[in-house]
Amino acid sequence: SNAMAQRDVFVSLNQVGDIKAAQGDTKGALAAYQRSLDIREALARDDPSNAQAQRDLSLSLDRVGDIK
């Protein structure tokens, strides 16, 4: 499904962000995490009763907060 494909994308973006953060590239990490957050916000908004989508959103907000 489209939601599953989008989930694959945001998981990959998180991995890119993790790598960038480990390399000290906080600007690059934040950009990747923010793109992931944008996808997660849309998925959570589209299906507010989906606990996984809400959890994913909280994890993404946590990662953005860690970088900022």
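Predicted model: local features only at pLDDT ≥ 70, side-chain atom pairs only at ≥ 80, totals over all residues.
Asn 14 belongs to helix α1. Once neighbours within four places in sequence are set aside, the contacts of Asn 14 are Tyr 33, Ser 36, Arg 40 and Arg 63. Tyr 33, Ser 36 and Arg 40 are among the buried residues of α2, while Arg 63 is one of the α3 residues that meet α2. Asn 14 can also be placed relative to Ala 29: the two are 15 residues apart along the chain, and their C-alpha atoms are separated by 8.4 Å.

Consider the pairing with α1 to begin with. The axes of α1 and α2 are 8 Å apart, and the helices pack at an angle of about 160°. Because of that angle, α1 is roughly antiparallel to α2. The crossing of this pair is left-handed. On the α1 side, the contact is made by Ala 3, Gln 6, Arg 7, Val 9, Phe 10, Leu 13, Asn 14, Val 16, Gly 17, Asp 18, Lys 20 and Ala 21; on the α2 side, by Gly 28, Ala 29, Ala 32, Tyr 33, Arg 35, Ser 36, Ile 39, Arg 40 and Leu 43. Sorted by class, the residues of the contact of α1 with α2 comprise eleven nonpolar, five polar and five charged.

Gln 6 and Ser 36 are 30 residues apart in sequence, and C-alpha to C-alpha they are 9.3 Å apart in space.

Attention now turns to α2 and α3. The axes of these helices come within 9 Å and cross at roughly 160°. That crossing angle is why α2 is described as roughly antiparallel to α3. Here, too, the crossing is left-handed. From α2, the residues involved are Thr 26, Ala 29, Leu 30, Tyr 33, Gln 34, Ser 36, Leu 37, Arg 40, Glu 41, Leu 43 and Ala 44; they meet Ala 53, Gln 54, Asp 56, Leu 57, Leu 59, Ser 60, Leu 61, Arg 63, Val 64 and Ile 67 of α3. The contact of α2 with α3 contains twelve nonpolar, five polar and four charged residues.

Located in helix α2, Ala 44 is buried because its relative accessible area, 6%, falls under 20%. Leaving out residues up to four places away in sequence, Ala 44 touches Ala 53, Gln 54 and Leu 57. Ala 44 and Leu 57 are 13 residues apart along the chain, and 6.9 Å separates their C-alpha atoms.

The remaining pairing to describe is that of α1 with α3. Their axes come within 12 Å and cross at roughly 20°. With an angle under 35 degrees, α1 is therefore roughly parallel to α3. α1 passes α3 in a left-handed crossing. Arg 7, Phe 10, Asn 14, Asp 18 and Ala 21 of α1 make the contact together with Gln 52, Asp 56, Arg 63 and Ile 67 of α3. By class, the contact of α1 with α3 has three nonpolar, two polar and four charged residues.

Val 11 provides one further reference point on α1. This residue lies in helix α1 and is partly exposed, with a relative accessible area of 32%. Val 11 and Arg 63 are 52 residues apart in sequence, and their C-alpha to C-alpha distance in space is 12 Å. Arg 63 itself takes part in the contact of α3 with α1 and also in that of α3 with α2.

Note on methods: Residues numbered from 1 in each chain as written. Heavy atoms only, no water. Buried < 20%, exposed > 50% of the residue type's maximum accessible area, 1.4 Å probe, protein only. Helix = DSSP H or I, 4+ residues; strand = E, 2+ residues; numbered from the N terminus. Axes fitted to C-alpha atoms, helices over the stretch in contact; angles between N-to-C directions. Parallel < 35°, antiparallel > 145°, perpendicular 65-115°, else oblique. Left-handed = near helix turned anticlockwise from the far one by under 90°. Contact = heavy atoms within 4.5 Å. Nonpolar A, V, L, I, M, F, W, Y, C, P; charged D, E, K, R; others polar.
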